[in-house]
Amino acid sequence: MLMLHLTDGIHHIQGMEYHPVPVLHSGLPPGTKVMIHGIVAYRLGVLLLKPENVKLLGGEVDSLVEEYSMERVLAGLIGEEVDRPNKRSCPMLKA
């Protein structure tokens, strides 16, 4: 069972698998686009998702992929800091 944070960029809502949704899995990159359609049950502030209500559109958001990388999440859980690469140190980029 997955609990998802869904946003259209303005509104934020939680979605939960009410029945298994094969296109949703823990390996989806952060920022993956999904379309929620049809009649969807809504209980206690959570959309109850079923396979017929979810369509995977794909995509990802680079900044979210970096922020939620396994290394960064695990480091945060144990209280370690992970250095972010300094974009100005890259010789290909101009300040």
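Okay, first a definition: helices (H or I, at least four residues) and strands (E, at least two) are DSSP runs, numbered from the N terminus. Glu17, the residue I want to talk about, lies in strand 2.

Quick housekeeping. This is a predicted model, where local features need pLDDT of at least 70 and side-chain atom pairs count only at pLDDT 80 or more, while totals for chains, interfaces and linings use all residues. Residues are numbered from 1 along each chain as its sequence is written, and side-chain values use heavy atoms, with hydrogens and water left out.

Strand 2, residues 12–17, runs parallel to its partner strand 5, residues 46–49, over 4 bridges. Glu17's bridge partner in strand 5 is Leu49.

Now, what about the charge on Glu17? Glu17 is buried (under 20% relative accessible area, with a 1.4 Å probe and protein chains only), yet it has no salt bridge, meaning a side-chain nitrogen of Lys or Arg within 4 Å of a carboxyl oxygen of Asp or Glu. The nearest side chain of opposite charge, Lys50, sits 13 Å away.

What does the Glu17 side chain reach, then? One backbone nitrogen is that of Leu2, at 3.0 Å, and another is that of Val21, at 2.9 Å.

Definitions and conventions: Pairing = 2+ DSSP bridges. Buried < 20%, exposed > 50% of the residue type's maximum accessible area, 1.4 Å probe, protein only. Lys, Arg positive; Asp, Glu negative; His and termini not counted. Polar contact = N/O pair within 3.5 Å; in protein donor to acceptor, adjacent residues only side chain to side chain.
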